[in-house]
Amino acid sequence: MTSTYGTIPTSPTPPKLEYITRGKQRIKAGLGTRRPWKTMFDIRSLGIPTGVPEAISRVRVNISYFRMNYTMVMLLILFLSLLWHPYSLIVFVILMAAWLFFYFLRDQPVILWGRLVDDRIVVVLMAFVTVALLLLTQATVNIVVAVSVATVVVVAHGVFRKTEDLFFEEEEEVIVSVAS
């Protein structure tokens with residue numbers, strides 16, 4: 001007779017909870033593809049570029065490397081700008097669900113008409129749809145200011161964040177070299 005002392009009995013997950021458990025796992029896995037915030041905001045990796053070509057190169061590399069982090073920062077700034085516009089905020093929450101489904105939590109790449117859709121195209125289309133639908137909610141000034149501020153924040157970080165310590169995974173290196 002085997003001893004089961006100290007073990008916690010488990011039962012199969014009910015169907016309703018299985019969906020929630022699977023969603024939590026997808027959120028953890030999806031957010032796991034972003035770069036660590038500690039790496040993004042490492043003070044030792046900040047420096048002034050020597051010229052415009054280096055600044056442009058840094059922005060390109062940093063946007064490629066921190067793409068998901070920058071998207072989160074931009075969406076956070078947009079969210080904060082809409083706190084005083086309840087209708088816009090409701091639309092934004094619905095759009096966030098679309099962002100989660102189409103960008104942050106996908107298991108597989110997007111395929112339309114048998115063709116693979118690049119992540120950059122998904123981000124641009126989702127950003128366009130987000131801004132367009134939010135503009136229909138009469139919060140134009142807030143949205144324009146938020147998108148402008150977010151763009152300045154992302155470009156400023158991209159310019160001043162050195163790229164020598166960034167390590168791309170093999171697959172990403174191939175994508176970056178093909179895109180260049």
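The model is predicted, and local features need pLDDT of at least 70, side-chain atom pairs pLDDT 80 or more, while totals for chains, interfaces and linings use all residues. Residues are numbered from 1 along each chain as its sequence is written, and side-chain values use heavy atoms, without hydrogens and water.

Now the fold. There are eight helices and two strands, taken as DSSP runs (H or I, at least four residues, for helices; E, at least two, for strands) numbered from the N terminus. The order from the N terminus is α-α-α-α-α-β-β-α-α-α.

UniProt, in an unreviewed entry, places "transmembrane region" at residues 117-137 and 143-160; such annotations may be inferred rather than shown by experiment. In the model, residues 117-137 are 81% helix and 5% strand. Residues 143-160 are 100% helix, with the end C-alpha atoms 26 Å apart.

Next, the aromatic rings. Rings of Phe, Tyr and Trp (its six-membered ring) pair if their centres lie within 6.5 Å; planes under 30 degrees apart are stacked, over 60 edge-to-face, the rest tilted. By this rule there are three aromatic pairs. One of them, Tyr65 with Phe66, is edge-to-face, at 4.9 Å centre to centre and 85° between the planes. Both Tyr65 and Phe66 are buried.

Phe79 and Phe92 form a tilted pair, at 5.9 Å and 35°. This pair joins helix H4 (residues 67-81) to helix H5 (residues 86-104). Phe92 counts as buried because its relative accessibility is 3%.

Key: Buried < 20%, exposed > 50% of the residue type's maximum accessible area, 1.4 Å probe, protein only.
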